[in-house]
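This briefing sets out the architecture and selected local details of the structure shown below. The points are grouped by topic.

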Amino acid sequence: RTMAGKKSKPKAFGKEEREVQQERREANLPSRGEHAVQQNGESIRVGVEKRSRKKRKKQKKTAEAHPSDSNSEEEPELTGFVQEGELYLRDPSGTVYSSERNDRGKLIALGTWDGQAFIPMPKPLNEPSTDEVDNTRAGTSSVAAMPPHEPPKPLAFVADEQDHCETAPEAYAHIAGLLHQLSRHLAVDAASLSVYDPYFCNGAVKRHLAALGFPRVYNENEDFYSVQASKAVPLYDILLTNPPYSGPHPELLLDFCAGSRRPWLLLMPNWVYSRPFYSDFMATLRPQFYIVPRKRYYYWTPKGRRTDVLSGGAKAKTHGHTNAALGARTSPFISFWVGGGFPPKVAAKIRAPDACMLCKSLREIPPVVRNG
């Protein structure tokens, strides 16, 4: 009733309002006219319900008008398959993806499916600009298709056969940005940066770094320790190596780096960091960072370098996957990069490459990686 005591005319409802009232009656909710006797929270809730219903109705109309937009973010149905020991995914269109996603959770396209096998897509070299290179983007650089490696030549020094493993191309790609930063700091272009790898296996480091834009690499078939004794160590801008893991090699290398007064970057197995000699070197070595891959690095034994692999020996089963350009694949230890001796301005600009973690101390490295 109105304040004058007269009955007010019934309110004319539109089609939408009648539908709302019908829904409320079926749900045993009070009608619109009874809002005043409800608590404030109930009245607000009813208002929110109406706005949500309008929003859903609008979204439905939009989806009907643009059906392709509503499914633009949906991923295709994927099927897994294994080729040469590696797990891949493919969609109905024949696109093949990596079994691991990138840091944004997106699928990584690798090639196509021809009905019987996976055909990798060509991977052109990433040509970084001299002004805008960092090791985040360089970590995604890919190495171009390579010819088969040269047959191994006899070594000029005594070596343990188990040490005949060369570093995978992706490990070098992860530190390419750091090398660019160092070259800019030294006011030289990447092609002039002098890299010294004192441990020779079959020279793959030259090919891999040259493909990334660093052709000036010294890695010769000579004994590192004899070179030191004769004081014939070449001049270099950075020492970069994956040393032999057997015997005293890791300890001797750390001793050399501690007294070199040059930047150094070493790819070492995780067990090195738990040895007493590593703790003993901390004061003089002063490591600045660790670059830890999220996926375990593989290593490659050049074809013809290890007899126990090629003759069906004890290690043949663990080196089952082969590649004409790289050799026989193995991964005996979890490994990651450790670096030191870099100018403070360069060290301050280091960022984690794609698919890697950047840690400033051993404590920051996940225990499963550090101790696993």
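**A buried asparagine and its surroundings**

The side chains of Asn-242 and Thr-167 are joined by a polar contact of 3.2 Å; a polar contact is a pair of N or O atoms within 3.5 Å, where within protein one must be able to donate a hydrogen and the other to accept it, and residues adjacent in sequence count only if both atoms are side-chain atoms. The model is predicted: local features need pLDDT of at least 70 and side-chain atom pairs count only at pLDDT 80 or more, while totals for chains, interfaces and linings use all residues. Residues are numbered from 1 along each chain as its sequence is written, and side-chain values use heavy atoms, with hydrogens and water left out.

- Asn-242 is placed in the loop between strand 9 (238-241) and helix 8 (249-258); helices (H or I, at least four residues) and strands (E, at least two) are DSSP runs, numbered from the N terminus.
- Because its relative accessibility is 11%, Asn-242 counts as buried; buried means under 20% relative accessible area, exposed over 50%, and partly exposed in between (1.4 Å probe, protein chains only).
- A polar contact of 2.9 Å links the side chain of Asn-242 to that of Tyr-245.
- Not counting residues up to four places away in sequence, Asn-242 touches Cys-165, Thr-167, Leu-267 and Tyr-299; contact means heavy atoms within 4.5 Å.

**Overall composition**

- The protein has 12 helices and 16 strands.
- Of its 372 residues, 40% are buried.
- Among contacts between residues at least 6 apart in sequence, 67% join residues at least 24 apart.
- The protein exposes about 21,900 Å², of which carbon and sulfur atoms supply 52%; accessible areas come from the Shrake-Rupley method with a 1.4 Å probe, and for residues only the protein chains shown count as cover.

- Seven strands form an open sheet with mixed pairing, in the order 8-7-9-10-15-11-16; two strands pair if DSSP finds at least two bridges between them.
- Strand 8 and strand 16 are the edge strands, each pairing on one side only.
- Strand 7 and strand 9 run parallel and are joined by two bridges, with Val-195 having Ile-238 in strand 9 as its bridge partner.
- Strand 11 (residues 287-293) is largely enclosed by the rest of the structure, because six of its seven residues are buried.
- Strand 11 pairs in the antiparallel sense with strand 15 (residues 335-340) over four bridges, and Ile-291 stands opposite Trp-337 in strand 15.
- Strand 11 also runs antiparallel to strand 16 (residues 356-359), to which four bridges join it; here Ile-291 stands opposite Leu-358.

**Helices with one buried face**

- In helix 6 (residues 204-211), the buried residues are Ala-204, Val-205, His-208, Leu-209 and Ala-211.
- These residues fall within an arc of 160° seen down the axis of helix 6, so they line one face of the helix; the arc is that of the directions from the helix axis to the C-beta atoms.
- Cover for the buried residues of helix 6 includes strand 6 (166-167), helix 5 (169-185), strand 7 (195-196) and strand 8 (217-218).
- In helix 8, the buried residues are His-249, Pro-250, Leu-253, Leu-254, Phe-256 and Cys-257.
- The buried residues of helix 8 also lie within an arc of 160° seen down its axis, and therefore line one face of the helix.
- Among the elements covering the buried residues of helix 8 are helix 7 (224-229), strand 9, strand 10 (264-269) and helix 9 (276-285).

**Nonpolar cores**

- In the largest nonpolar core, of 62 residues, Leu-209, Leu-239, Leu-266, Tyr-278, Tyr-290 and Trp-337 touch the most other members; a nonpolar core is a set of buried Ala, Val, Leu, Ile, Met, Phe, Trp, Tyr and Cys residues joined through side-chain atoms within 4.5 Å.
- Helix 5 supplies the largest share of this core, eight residues.
- Apart from this core lies another, of five residues, among them Phe-81, Val-96, Leu-110 and Phe-118.
- Leaving aside neighbours within four places in sequence, the contacts of Tyr-290 include Tyr-273, Tyr-278, Phe-336, Trp-337, Met-357 and Leu-358.

**A partly exposed loop residue**

- Asp-114 lies in the loop between strand 4 (109-113) and strand 5 (118-120).
- With a relative accessible area of 46%, Asp-114 is partly exposed.
- Asp-114 and Thr-95, 19 residues apart in sequence, are 9.5 Å apart in space, C-alpha to C-alpha.
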